[in-house]
Amino acid sequence: MKKQIATWILAAVGCSLVLGGCGLQRAAVSSAQPIRIFMEQREEAPISSDMAVVRELEKRCNVSIELEVYSKTEAPQKFKSYLASQDGPDIFIYNLDQIHANYTAFVPLTPYIGEKTPNLKKYLVDDSETNKELAMLDGQIYAMPMIASERVSQVYFARSDWMKKLGLSAPQTLDDFYGMLVAMRDGDPNGNGENDEIPFVTRYRKNGLMQFLEPFGIEEEFFVENEKIVYGAADPRMKDALDFIRRLYQQQLIDPEYIAADAKSWQSKVTENKAGVLFDWVSRIDFYNTQMPEAEFRAFLPPSADGNPKTHYQMPTVRGSGAAAVNKNSKQIQKIIRLYDYIYSDEGTRLLNFGLEDEHYKMENGQPKYTDKVLNNMSAAPQIALWQNGIAMDWPLLQDKGYEQQLLSPVAQQARELYNPIILPSFPRLKFTKEESQELAQLLGDIRIYKDEMIDRFIIGTNSLEEFETYRQRLQELGIERVLEIYNEAYARYKR
């Protein structure tokens with residue numbers, strides 16, 4: 001297995017906890033045992049020994065850091081093998097749900113968090129909502145997460161220049177949305193005289209169509225309704241939702257190749273002037289407006305059954321990606337706790353969100369503003385330029401709202417403002433006993449394989465929707481009622 005190891009050992013500038021540092025004294029070049037950190041590689045900006053933020057963290061906190069970086073395909077298996085061997089790095093930066101599912105492999109952090117770690121205490125213990133998301137059934141915290149400053153992440157956006165040409169206004173209901181897609185299919189808005197428009201495209205395959213379930217009052221998997229957890233894919237309303245999506249597919253209103261879509265094919269359909277509507281990250285509005293100067297992409301609210309849209313399709317405040325857990329076999333827990341208390345401090349937050357002063361940002365009117373090295377980098381887009389330096393990465397930090405606001409155009413910022421009032425609470429991060437987790441893993445594996453396959457088959461017409469009740473019955477046989485029983489017991493514990 002290929003592994004990239006980047007090691008930094010640099011001089012330290014000690015500073016006291018009162019001043020926001022790591023509580024260590026000034027030292028020469030560290031010869032202490034490095035803190036080994038497991039991470040997943042980011043394809044867009046490979047993690048390397050040149051990342052300025054990690055070098056600066058070492059300098060400020062008098063530690064040496066050794067990153068073990070694995071590709072997205074390698075990381076899951078390596079994570080499992082490390083846990084099975086009871087060996088491995090000191091820190092695992094990984095998916096929060098995976099950490100919680102394997103929490104007995106990690107150090108309970110709560111005993112180490114107190115008056116000497118004021119930043120960890122403030123954000124992970126004293127904040128009741130965050131603590132509720134993190135605390136396991138034993139009351140202990142096992143992970144240090146990324147805490148987001150913005151929840152709006154994915155939005156609907158469309159070629160507003162096409163809409164103007166076709167005399168369309170932003171859709172409010174499902175019927176309006178359907179009518180807009182038909183007009184884009186039939187009205188030749190790209191003006192090439194060919195019937196080649198693809199009204200709606202996605203890069204997420206089946207998952208990129210599941211936001212269409214919301215107007216029917218359901219989600220694909222688990223959601224809360226009337227203080228009870230429901231499984232959308234087994235709900236009777238799923239039939240009507242699938243009937244709608246199937247109609248879009250049959251009438252070529254969504255990409256006929258959605259089932260094999262990837263980022264490259266999706267992007268080419270947009271830049272080839274064929275795609276009209278997308279549901280994707282807010283930043284993609286700016287990406288395509290820049291890539292296609294002749295186009296004008298603008299966000300619109302989700303279509304709804306009654307013209308009163310609400311959405312769950314946004315980020316939770318406690319992010320699922322980039323959480324850090326400490327290996328229970330690590331001998332460096334005190335050093336790690338001091339490091340992360342600094343990361344959650346004001347100084348650490350500025351470093352991880354903005355980088356190094358004068359190099360990556362300058363202070364203007366009391367606020368950090370990115371320099372041209374970030375905003376006008378000739379070799380990389382601003383977000384990539386940040387990642388290349390370890391800034392605003394998917395790892396534990398307090399996300400500063402100012403970081404992304406500087407990267408988004410007024411048009412993209414307006415999209416956020418449009419969606420903020422309609423966001424519903426995130427699905428709670430439930431905690432399960434060891435026995436429950438084992439039972440869920442066994443049941444949900446087969447349920448999800450079957451469910452995913454059948455949703456695609458219903459959409460493309462391989463199976464008739466007359467078979468929907470047979471499909472629901474099969475979900476019952478696979479154990480969905482037992483899954484819901486476990487989830488509702490966990491939800492009752494969560495509410496207490």
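User: Among contacts in the chain between residues at least 6 apart in sequence, what percentage join residues at least 24 apart?

Analyst: This is a predicted model, in which local features need pLDDT of at least 70, side-chain atom pairs count only at pLDDT 80 or more, and totals for chains use all residues. Residues are numbered from 1 along each chain as its sequence is written, and side-chain values use heavy atoms, without hydrogens or water. A contact means heavy atoms within 4.5 Å. Of the contacts between residues at least 6 apart in sequence, the share joining residues at least 24 apart is 76%.

User: Why does the radius of gyration of the chain agree with that of a compact globule?

Analyst: The radius is taken over C-alpha atoms, and the globule rule is 2.2 Å times the number of residues to the power 0.38. For 496 residues this rule gives a value near 23 Å, which agrees with the chain because its radius of gyration is 24 Å.

User: Which side chain of opposite charge is nearest to aspartate 456?

Analyst: Aspartate 456 is buried, that is, under 20% relative accessible area with a 1.4 Å probe, protein chains only. Lys and Arg count as positive, Asp and Glu as negative, and His and the chain ends are not counted. Aspartate 456 has no salt bridge, which would need a side-chain nitrogen of Lys or Arg within 4 Å of a carboxyl oxygen of Asp or Glu. The nearest side chain of opposite charge, 6.7 Å away, is lysine 206.

User: Which residues does aspartate 456 touch, not counting those up to four places away in sequence?

Analyst: Aspartate 456 lies in helix H17, residues 434-460. With residues up to four places away in sequence left out, aspartate 456 touches Lys206, Tyr258 and Ile259.

Notes: Helices (H or I, at least four residues) and strands (E, at least two) are DSSP runs, numbered from the N terminus. Buried means under 20% relative accessible area, exposed over 50%, partly exposed in between (1.4 Å probe, protein chains only).
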